[in-house]
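Please walk through the interfaces of this model and through one of its sheets. The sequence and the structure come next, and the explanation follows them.

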Amino acid sequence: MSSNNEVPKFGLLTASTPAEAVSLLTQYGDQARIVSGGTDLLYTMKNGVTYKTPNYVVDISSLPLNYIKYDATDGLRIGATTPISAIATDPNIAQYYAVLSQAAATVAAPQIRNQATAAGDIIQDTWCWYLRNNYPCWQNGGNVCYGVLGDNRYYQSIFGGRLTFAVNPGDTPVAYFALNADVTVQGPNGTTNMPISQLLPGVAIVGGKVKENSLQHNEMVTEIHVPAPPANSVSSWYKVRARQSFDFALASAAAVLTMNGSTISAASLVLGGVDVAPHRATAAESYLVGQSLTTSTIQGAAAKAVEGATPLTTGTGNSFRVFLAQGAVSKALTLLQS
Amino acid sequence: MSSKPQSSGLNNLDPNAKFNLVGNQAVTRRDIYAKVTGQRKYTPDIGPGDIGRSTMWYAGFLVAPHPHARVTSIDVSAAQAAGYVTLVESDLPVGALFGIGARAYPPLVSSEVLYPGQPVAAVAAPTANEVVDALNLIKVEYEQLPYVFDAQEALQASAPQLWPGGNVPGGGVGENGAVTSGTLTLNLGDVDTALANADVVYEDTFGTSIQQHFEIFPRGAVAYWSGGQLTVNASTQFAWAVQQQLAAYFAIPATDVRVSTSLGGYEDGGALGNGLGNKSTGEEYVLAAVLAQKIGAPVKFVHTRLTHARTTTNRWPLSATFRLGAMNDGTLVAIDGIYTANVGGRGGAQGADAVGDFYNAYNCPNMRFYSIPVTTDAYSNGAAMRSVGEEQGHFLMESAIDELAHKLNMDPVQFRLKNMRQAPNPVEPFANLPYTTIAQPQALQEAMQAFGWSNLWKGWGVPSSVNGTKRVGVGMCIQNASKGSPFPPSTSQVQVDPDGTVTVYIGLTDHGAGGNTTFPLIASEALGLTSMANVKLIQSDTMYTTNASVTAGSQSTHNSHSLLYAVEDLKNQWFPIVASKLNANANNLAFGNDTIYDTTNPSNSISFNDAAALLTSSIKGFGVWQIPFNVAYRSTGARFAQVEVDTETAVVHVISHTFALGLGRTIFYKGAIHQMMGGSVMGIGSAFFEELLNDPSQNVTVTPGFPSSGSWLNPNFHDYQIPTIYENPDSANVIPVENIDPTGPFGATGIGENCIIAADISFINALSNALGGYRFHKTPIRIEDVVEAIQWMNSNPNGASSTSSSTTS
Amino acid sequence: MGEKDSTAKQPHSEESESTPLDSKMNRRTFLKASTISAGVIGLGGIALSTGNSTTVVQNPTENLPATSNSDPFASQTVTLNINGKSYEVSVEPRDMLNNVLRDDLGLIGTKRPCNRGECGGCTVLIDGVAYMSCTYPAYRAAGHSITTVEGYNVPSSTESQILNALQLAWVQEDGGQCSGCQPGQIMSATALLLSNPNPTLDEIKAGMSGNLCRCGNYDGIIASIQLAAQNLQGGSA
């Protein structure tokens, strides 16, 4: 553990194509990690998190992956290295994918949003204090989840976990889940496409390591694709945090509703910051279909959204985030109440 | 040449006096342009070229990631083999200890670690990057020991004993938890009888958490040697204390040690980037000097966020159990308080100031206080943080008083008006010292009016407004805090050159409070100048200035009173020369509006610059001022706040606050106003965010090389949350109350600490009002605590009495 | 304990006393030192290079080609365009822009309050966009236009004009107390006014929400930005 804030020595590898980046990852194996914006990896390295600090860094920031493309039929395509701020300010995203635009606007702080990237917000490490401070937890070479035993108020799941209970910290992944996005992953044998829920399964054991995403060490996300929004759909985002900037979600909600007049014909509702991956609130989705948005149905959906929550009772406990998750759902749906 | 006049005729105490610069709203902060254009160098900015060298080494601490452990081995050989310079305890002089009395400790320990983050080694490397390489090459092994974080647990006989003689600094605990020594006991009247006869007795316990200054720039120093002489450019609030510390450590004369704030020694030199009480002395000032000596090059030793948060000082957690007695008409008849201060691994006896605040703030015939300091493994060193325990003490006091008013169902303002200490003739009750001044009841009345309390207050537990999920409550509190204690004499000098240039020499610094403007302003006003354009400031450098005491304790404005005596001395040298030019009696001359004039014939005058031109060489006036010992220096004020809470998200926002504070006289107007506003923002942090945390997990098997259970969790700016611009109140109304203090320059007193004191409880009392009268018992009130309050309110729609006990006899 | 010198010397003496240990600095340090001594920046804070010329610093012992991936740990020489001037500096992969600005080029107006991307005190503009220099790799800044708080008098630069208007407004409205965070605040404000010359209060808060002020001087900061925006709008532009 370093008590210093400087970055340990690392070897810099640069690539001009995703295939070349993947080939470098293959060549250097576990020794190398990808850096795109760097706000997460460099921070982790300054903290000296033992099992997350690479000896080599493959810098992909100069790859031609900084783009946002919108097509009414194909939908939205966002390159992996596109800054979060670009997502937050893109007019097409604001118009057709309000939930994503709003989620991006609540990430961290303005300077971070300028540097942090689309793919990075999805695959960043958890903000669990134990990992960030290099405690020897499951994700850091150990065999215990300190979060379960210790201070689990802010960054541990209220919907259970397996080995690790640390929540996925991102905001935009919650919106991507709600929008049924899929991602393109470049591997040694070319590209594959998978739903974002497959990329973020919650807990994955990859190459013997406990992780929160399913990427092999020599795979990288190159693009996020969001299908064209259904006709007559509306969407919204609400993030509950103690401090209104520079803070992760204690609970967030992304809602996408397809309306038939004032009746909801389809609902997609995903909670963030409360589970090891963005948490689809299926019971609340079913409940909403066929209803219209009233104070009563909003409260009903909020209650349904946290059905089955199993907040931790060990350590500090974190049941208050059930309340906050309910609040986030209520706020997000209220924003859609015309 | 030096003179020490008994009184200065220059100290204009007329409440209605007209000044050129004092209180002038157009006066801007003198050093701000240099700072915001990047020209002013703070200590971390000093490079080798600034001190005439070509190289500089960088240093850092290796700290223990365990709450309580024995160091079994330290291996620095690999770091040394790589060319880095290392220090461990055995490299330092035996007996060179830091800290207070029984809790003195070496700056690096190789035996027992008493808190998470205690330094065990220091390294230096030729570049900042390589410091991390050097640290990573040091191998330390530890044996875990049982640890205790909670003060009450640490008082139990079964608790780990952290120091020889037990966990109470300077004392021990006897049977039934009765503290035998190391405590403060104050007793007035007959508390037990008064409680027995009271109509209402209210008993409750409140507590605060570990907080940290998180100055924007961490503490640090640049040290270098020239032969046997040592220079340390330090971010320090007290250059003379550092000088003494270094001289003692190296056993050299103090004259061989120069300490300056930042670069010091030149105009407006001092720049700290916050002090907040954390930058008086420090281990790294000494270790930088040791390393510089060893290396033969300057060494810059600036804390990282982690080491700053965990190894410098902290605001100590203070708890108190009160029994308060009152009559049905609202008369406070008894106060019984037991305070427990968790002073950390190496803090000394603390607690008196918080007790003093209670017996000063309220006028009550029967009062009894105990104060118990307790050593724990929770953190490093309980010490000053923008007050010495008073910020915590006001939360405890004004929580209990507010709740007592609630029990009496009495308007909280009326309760304070009835019971608080106020004019006329306020006296500190224990030592029986008269106040130099008091702003009450004026401050409370003005603030109440400006806030519009009578329209907003709807009763206990009844919010001012409810709009959907948003509830708005109002609350208030008073404050009565020490503004400095009688320190040794403060000294300063004022020089006039023949070209009219004025130079102010004062050994105080500016950690953000505005001293770089206030000090020259006071001298300039005394000199009758209408502008500070030709006034230079040389400050806080042991080579160029003299000891003016520590820049702390809200006393710098007070201590700069010596400037008036310096101008008096200057006048005595200068006016005879001017008098012969004007054909006047020197005793009749006075400064005024950039002239020196004959008070018997004001048209007989000479411009300041022409008068200076009469001088053949520069003249310097010497000022000495000793704060009187036989009076009480108190800062008094009142706060009102309007706070909104969203009952779905538990997010709290301060909508507005009104803050009236007695400051004697406003000297540097913009600075005073902004300090009052900014300190209140810091109070939002204390109320709702700030807490330095340790891991509460227990007994996880230790993995060598990694932190263990009980180590730190949030020693950084992201996770130790301070307010952002979004937490800033929508509106702030600050009211300076000019209650002239005859001992202050132009009647002024300092305000630094008093800008945060009681801010948190004003917001918390307002939040309580928004949430049905729910009484919060600790700070900070984190979002989970607000959720608990909302859930309580939802299940107690009539705002039934909270968990605290209350009896009616 | 140093040997006592019999001749009275001021502690602030400029005498250098290199010992074998200090002279045993590694190669990288030597490179960095040579960068400074070649006169890119006078350490008193005065820029010696002028205009848009490039100050080329030759390493007398070896040239380090910036070829990719040959030695991933090697330092490389990069050209940084800062406040309208060009600097060539040798950077390690791990060098953040903040280290290079402050330790190598003496541009200490860019502060380092946390060095962890958590406070905004080190904010600089890169191609007009605000970044925290403490977590921005120096090698990545090569070829881009960097503006620091010292860049207030760059001819025909809109950024520079906005920057100085803000700095002057900071004086009038008392935008800073200890002012340690203020260079970073002002760079964020510059980015804000570049993209939005007349921001609302909410837009100011959004734009400034990445900069912490421990003195809590947010009201002064807001007033300063409003004054600068007003002055720029009513100005000659």
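A salt bridge is taken here as a side-chain nitrogen of Lys or Arg within 4 Å of a carboxyl oxygen of Asp or Glu. By that rule, three salt bridges cross the interface of chain A and chain C. The model is predicted, so local features need pLDDT of at least 70 and side-chain atom pairs count only at pLDDT 80 or more, while totals for chains, interfaces and linings use all residues. Residues are numbered from 1 along each chain as its sequence is written, chains are lettered from A and ligands numbered from 1 in the order in which they are written, and side-chain values use heavy atoms, with hydrogens and water left out.

One of the salt bridges between chain A and chain C joins the side chains of Glu6(A) and Arg112(C), at 3.7 Å from N to O. On the side of chain A, two or more residues each come from β1 (11-14), α1 (18-28), α2 (41-47), β3 (56-59) and α6 (110-115) of chain A. These elements are DSSP runs numbered from the N terminus, helices being H or I of at least four residues and strands E of at least two. The most, five residues, comes from α6(A).

In contact terms (heavy atoms within 4.5 Å), 32 residues of chain A meet 36 residues of chain C. The two chains bury about 2800 Å², 50% of it on carbon and sulfur atoms; buried area is the accessible area (1.4 Å probe) that two parts lose on being put together, summed over both. Leu12(A), Gln111(A) and Phe246(A) lose the most area in chain A, together 22% of what that side buries.

Between chain B and chain C, the contact takes 86 residues from chain B and 73 residues from chain C. About 6700 Å² is buried there, with 54% given by carbon and sulfur atoms. In chain B, the most area is lost to chain C by Val36(B), Asn129(B) and Ile725(B), together 11% of what that side buries. Six salt bridges are counted between these chains, among them Arg102(C) with Asp45(B) at 2.7 Å, N to O. Elements giving two or more residues to the side of chain B include β1 (57-63), α3 (128-136) and α18 (669-688) of chain B; α18(B) gives the largest share, nine residues.

Seven strands of chain B form an open, mixed sheet in the order β3-β5-β1-β12-β9-β10-β11, where strands pair if DSSP finds at least two bridges between them. β3 (85-87) and β11 (257-261) of chain B stand at the edges with a single partner strand each, so one side of each has no neighbour in the sheet. From one strand to the next the twist averages 20 degrees. β1(B) runs antiparallel to β5 (residues 119-125) of chain B, joined by six bridges, and Leu62(B) stands opposite Ala121(B) in β5(B). Helix α3(B) packs on the sheet, touching β1 and β5 of chain B, at about 35 degrees to β1(B); axes are lines fitted to C-alpha atoms, for helices over the stretch in contact, and angles run from 0 to 180 degrees between N-to-C directions.
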